[in-house]
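Subject: Structure handover

Hello,

Here is the structure I promised to pass on. Please open it alongside this email.

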Amino acid sequence: MPGLKAPSDYSQEPQRHPALRINAKDPFNAEPHRADLISSFVTPVDFFYKRNHGPIPIVEDLKRYRVSIGGLVEKPIEVSMDELRKLPKYSVTATLQCAGNRRTAMSKKRTVKGVGWDVAALGNATWGGAKLSDVLELVGIAKLSTMSSLGGMYVEFISVDRCKEEKGGPYKASIPLRQATNPDSDVLLAYEMNDEVLNRDHGYPLRVIVPGVIGARSVKWLDRIDIIKEECQGFFMQNDYKMFPPSVDWNNINWSTRKPQMDFPVQCAICSLEDINVTNNGKITVAGYAVSGGGRGIERVDISVDGGKTWIEAERYQKSNVPYIADNDLASEKWAWVLFKAVVNVPENGEIIAKAVDSAANVQPENVESIWNLRGILNTSWHRVLVRKESSVAKSSL
C-alpha cells in the first residue's frame, strides 16, 4: 500500500508505557496491571492492551495512503483519509477483548497454546470514524444488504501487517455483509481513539472496529476491504480462534468442524485484588469489569466471600451520575463494559468470587474445566481471588 509499509524487523517499534506487563516482546503483546485497567470507564490509550502478530507498520506518507474497496462490487474504488473524513463521523464507545483474555488461569488447569494473558487483555475506548455502512454505499452496496449485486455475502478486511501465521502474508478477517451494512451494528472505519488520532499500536492510520465481537476481527492498519462470497479463509479465521470442547487435543483437532468465533460470552473479573491478598482490614473493596458480546447489557454482578455459598449483588456503573440500566439506550453504552464495586467483609481465610449475568440471562460457568480448550480462548469461568487476614497469616506461621 503506497504510504504505509510493514517493516521486516522490530527495530522501529513505538514506545510503550513502562507500567505495562509484557507477555511477549517480539511481536509485542502486553496488558496493564489490574488496578490501572479499571481506573476509569474509558481506558487511557497507554493502558489499553497491545495485541500484535508482527512488527508495527509505519506510515511514510499519509497523503498517498489509500484503502482499496473491491471484490464482488460493480465499482471498486480507492479511498483516501481526506475522503473518509468527509463522511459523517460517529463516536462509538466499545470494549475490545482478546479472545485469549484470562488464558493463564486456564493453562494452570491444563496446558494451552498462546500468549499468557492475565485478566486485562481488554480495554474500553471511544472510537471515532466513518460507519462501514456509509463507506460501502460508495461502492453501490445499500444499507441492510445481505448480498452484493455480484453475490458477495462477507466483508473481508486485509491489513498491511505481515505475520508468520500467514507465512509472511497479511493479517485478515471477515464479518457478514448483513452486519457490515447495518448502521445499528456500529461497525466503524476508525481513525480516532479517545478523541485523538490513532497511535501506531492501535492501527494508525485506519482500523476496523467491530463492536461486541472478539478483538481479532477488528483489523488494524487497513490495506484493502474486499466483498467476498464466503467468509475469509485466512489463518486467524480458519485455523485459530475457534471454540473446541475439552475432549479435542492437537492429535484429533479438525478445524473445519467449528465456525470462527465472533461474539464473546458474558465475562467479569476482579481487578482491585490480585490472585492472593493479605489485609489487616475488616472490609475490602471488590471492584472490576463485566462485559458481554453482541451488545448485551449486564443485568447483575454477583459477589461471594464464602466460596460461592452465598452471594451479594455489586453496584454497576458506566457514566457519571447516570444510573446504569442494561439495554437502555439512554442509561447505557451497549458495546461498552460495565464497572462494578462492592464493599464486603474480609473472610478469615477465604475465597472471593465474582460472576456476571447478562441481559439474555447468560451466566458465567462455575469451573474452567468445563470450558477448557486447547487454544485457551474464552475463559469466562467464575473469577476467584484469595484473601487472608493478616492475623490468620500470623497465626499460621507460629
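Below are the findings, grouped by topic.

First, a caution: this is a predicted model.

Buried loop residues

Start with Pro 211. It sits in the loop between β14 (207-209) and β15 (222-228). Its relative accessible area is 3%, so Pro 211 is buried; the cut-off is under 20%. Which residues does Pro 211 touch, leaving aside those up to four places away in sequence? They are Val 92, Ala 94, Ser 185, Asp 186, Val 187 and Trp 335. Take Ser 185 from that list. Pro 211 and Ser 185 are 26 residues apart in sequence. In space, their C-alpha atoms are 7.3 Å apart.

Next, Thr 380. This residue lies in the loop between β23 (349-358) and β24 (383-389). Thr 380 counts as buried because its relative accessibility is 6%. Again leaving out residues up to four places away in sequence, Thr 380 touches Arg 102, Pro 265, Val 266, Gln 267, Gln 364, Pro 365 and Ile 371.

Ala 361 is in the loop between β23 and β24. Thr 380 is in that loop too. Ala 361 is not a glycine, yet its phi is positive, at about 70°. Is Ala 361 buried or exposed? It is exposed, because its relative accessible area is 60% and the cut-off is over 50%.

Leu 144 also has a positive phi without being a glycine; the value is about 65°. Look for Leu 144 in the loop between α4 (132-137) and β10 (154-162). With a relative accessible area of 60%, Leu 144 is exposed.

Two bonds to check in your viewer follow.

- Asp 26 and Pro 27 are joined by a cis peptide bond, with omega about 0°. Pro 27 is in the loop between β2 (21-24) and β3 (29-31).
- The peptide bond from Tyr 204 to Pro 205 is cis, and its omega is near 10°. Pro 205 is in the loop between β13 (196-197) and β14.

Surface charge

Which residues gather in a patch of negative charge on the surface? They are Glu 299, Glu 313, Asp 327 and Asp 329. One of them, Glu 313, is in strand β20 (residues 312-313).

Best wishes

Notes
Residues numbered from 1 in each chain as written. Predicted model: local features only at pLDDT ≥ 70, side-chain atom pairs only at ≥ 80, totals over all residues. Heavy atoms only, no water. Patch = residues over 30% accessible without salt bridge, like charges linked within 9 Å, V, L, I, M, F, W, Y side chains within 5 Å. Areas by Shrake-Rupley, 256 points an atom, 1.4 Å probe, with all protein chains shown as cover. Salt bridge = Lys/Arg side-chain N within 4 Å of Asp/Glu carboxyl O. Lys, Arg positive; Asp, Glu negative; His and termini not counted. Charge placed at Lys NZ, Arg CZ, Asp CG, Glu CD. Helix = DSSP H or I, 4+ residues; strand = E, 2+ residues; numbered from the N terminus. Buried < 20%, exposed > 50% of the residue type's maximum accessible area, 1.4 Å probe, protein only. Contact = heavy atoms within 4.5 Å.
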